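Reader: Hi, I'm new to this one. Could you walk me through it?
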Amino acid sequence: MSEQQAFDVVVIGAGPAGYHAAIRAAQLGLKTACIDAALGKDGKPALGGTCLRVGCIPSKALLDSSRQFWNLGHIFGEHGITTDNAKIDVATMVGRKDKIVKQFTGGIAALFKANKITPFYGFGQLQPGNVVKVKQHDGSEVELKGTNVIIAAGSDSIELPFAKFGEHIVDNVGALDFTEVPKRLGVIGAGVIGLELGSVWNRLGAKVTILEALPDFLSAADAEVAKVSAREFKKQGLDIQLGAKVSSTEVKADGVHVTYTDAKGEQTIVVDKLLVAVGRKAATRGLLADGTGVKVSERGQIEVDAHCHTGVNGVWAVGDCVRGPMLAHKGFEEGIAVAELIGGLPGHVNLDTIPWVIYTEPEIAWVGKTEEQLKAEGIPYKAGSFPFAAVGRAVAMAEPAGFVKVLAHAETDRVLGMHLVGANVSELVHEGVLTMEFSGSADDLARICHAHPSLSEAVHDAAMAVSKRAIHKAN
Ligand code: FAD
Ligand code: NAD
């Protein structure tokens, strides 16, 4: 029988949702433990979850390296800068990414220490009565009793039955660690991971073919944003096949044979590596012992109310393992909100103002409703948009592609959505988030002074265009 240790808060999972919950709980004076099972590439425990180890941060490191390489060959010439024989050393690029991962996962361990959070390295299973049994990496077991338990177990890649992961067929983990640029890269799924990691290897010289089952490209995004980005990706050489249903894969001596059916019938492509990026599923396997009372939905997610409470006294769940977008910053906010609710503060997350960003080139970002959603819901709206091609800063940067669109209620002028495609829109989208959080109008945004010359002028003119008073274009 293992000893039992008591805490005010026990967090299962030290990804974005879990480590935010743990740190905020500790800040509020609660005695906090946080358990995580993950190991880094060096085989040692690594905190920070999918996001820091094999998600947001490493993918952005490779996106940035590959962008520099692409610009050298495709953009620098415009500035009069030329170089012969530019080369990419994949080992150096991946090594740089690994160093960044190590810096940030180590940073979470340091933050835990500074906040007096007790880390446990191993697999946690919730038992009835708010007890968590931890099987530690050294084989020992420990039991933690939490007045509150916060489940932040995150998510895992979905594996297709006919495309099992291995050396040639990989998920994000493998595609972040290729040792050389694959000559031919196949991708199943033109979603966020397919586009981001497809872009990385395309920029470095791989011939990338993306097979997407749905007939529409990026159907979650605004239709005009999807159209402009599809055009830009095509120019970059990304081959995106829509309505392509993959039925089988086979690893042979000459590569992975991927068979799919689209409007033209059955076809097979042969690739050196195949990235499967068809979504993620909540990581709940083995997490709940019998009798905890915590409910899991048909989709495998832990069921929670609007405050991330599971309905079982003192048991909460946050991040990718519950409903809502699978985004790190959504998990951050839920983790903080739950810690604050436990600490007697009014924690709250507004799922309607969570921004989305796809870190391709151009970047894609949005917040709030699309025109298609507003039409479907019968909400009267006005739209104003403005192209980066008319923004001095964007042209000076040789980044004229894309636009900003502001959607506002036809009667109240309240901003209902903002949709952007272009350079640095991952930063600009927050103008929309702020305006919506403060229940602001397009007129509010239009009356706010924006620096010249800056990319943010596209947001300003788009807001003015809602009432047909944009200065730098015909209304
Ligand atoms: P996770 O980050 O998955 O963390 C859960 C942790 O809990 C893991 O460390 C796991 O080992 C541990 N765990 C699970 N079960 C147990 C258990 N029973 N016992 C002990 N430990 C356990 N999101 C963005 O917002 N921006 C991006 O740019 C972005 N890029 C991404 C790129 C890629 C390639 C991928 C795969 C994802 C990306 N995401 C991005 C999504 C983002 O990584 C997730 O939304 C986020 O990590 C979810 O946080 P979480 O804390 O809920 O779960
Ligand atoms: P996704 O949901 O973004 O995209 C999956 C795509 O695969 C969809 O377009 C879907 O229609 C398609 N698909 C599903 N089954 C298919 C099949 N059998 N054949 C062909 N296509 C199929 O999922 P993802 O790209 O795996 O990413 C998972 C999640 O990770 C994202 O939804 C997002 O929440 C998160 N993420 C976020 C970022 C970011 O914020 N920049 C980056 C990467 C990942």
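Author: Happy to! One term to begin with: a residue is near a molecule or strand if one of its heavy atoms lies within 4 Å of it. This is a predicted model, where local features need pLDDT of at least 70, side-chain atom pairs count only at pLDDT 80 or more, and totals for chains, interfaces and linings use all residues. Residues are numbered from 1 along each chain as its sequence is written, chains are lettered from A and ligands numbered from 1 in the order in which they are written, and side-chain values use heavy atoms, with hydrogens and water left out.

Reader: Great. How many residues surround ligand 1?
Author: There are 37, and the closest are Asp-36, Thr-50, Lys-60, Gly-124 and Asp-320. By type, the shell has 18 nonpolar, 14 polar and five charged residues. Here Ala, Val, Leu, Ile, Met, Phe, Trp, Tyr, Cys and Pro count as nonpolar, Asp, Glu, Lys and Arg as charged, and the others, Gly among them, as polar.

Reader: Which element gives the largest share of that shell?
Author: Helix 2, with five residues. Helices (H or I, at least four residues) and strands (E, at least two) are DSSP runs, numbered from the N terminus.

Reader: And which backbone atom is 3.3 Å from an oxygen atom of ligand 1?
Author: A backbone N or O atom of Leu-327. For Ser-155, a backbone N or O atom lies 3.4 Å from a ligand 1 oxygen.

Reader: Switching topic: where is Asn-130?
Author: Asn-130 sits in the loop between strand 3 (118–127) and strand 4 (131–136).

Reader: What does the side chain of Asn-130 reach?
Author: The backbone oxygen of Thr-147, at 3.3 Å.

Reader: Last one: which way do the residues of strand 14 point?
Author: In strand 14 (residues 273–276), Lys-273 and Leu-275 point one way and Leu-274 and Val-276 the other, and all are buried. In a regular strand the side chains alternate between the two faces of the sheet.

Reader: How many bridges join strand 8 to strand 14?
Author: Four, and the two strands run parallel; strand 8 covers residues 184–188. Two strands pair if DSSP finds at least two bridges between them. Strand 7 (residues 169–170) also pairs with strand 14 in the parallel sense, over two bridges.

Terms used. A polar contact is a pair of N or O atoms within 3.5 Å; within protein, one must be able to donate a hydrogen and the other to accept it, and residues adjacent in sequence count only if both atoms are side-chain atoms. Buried means under 20% relative accessible area, exposed over 50%, partly exposed in between (1.4 Å probe, protein chains only).
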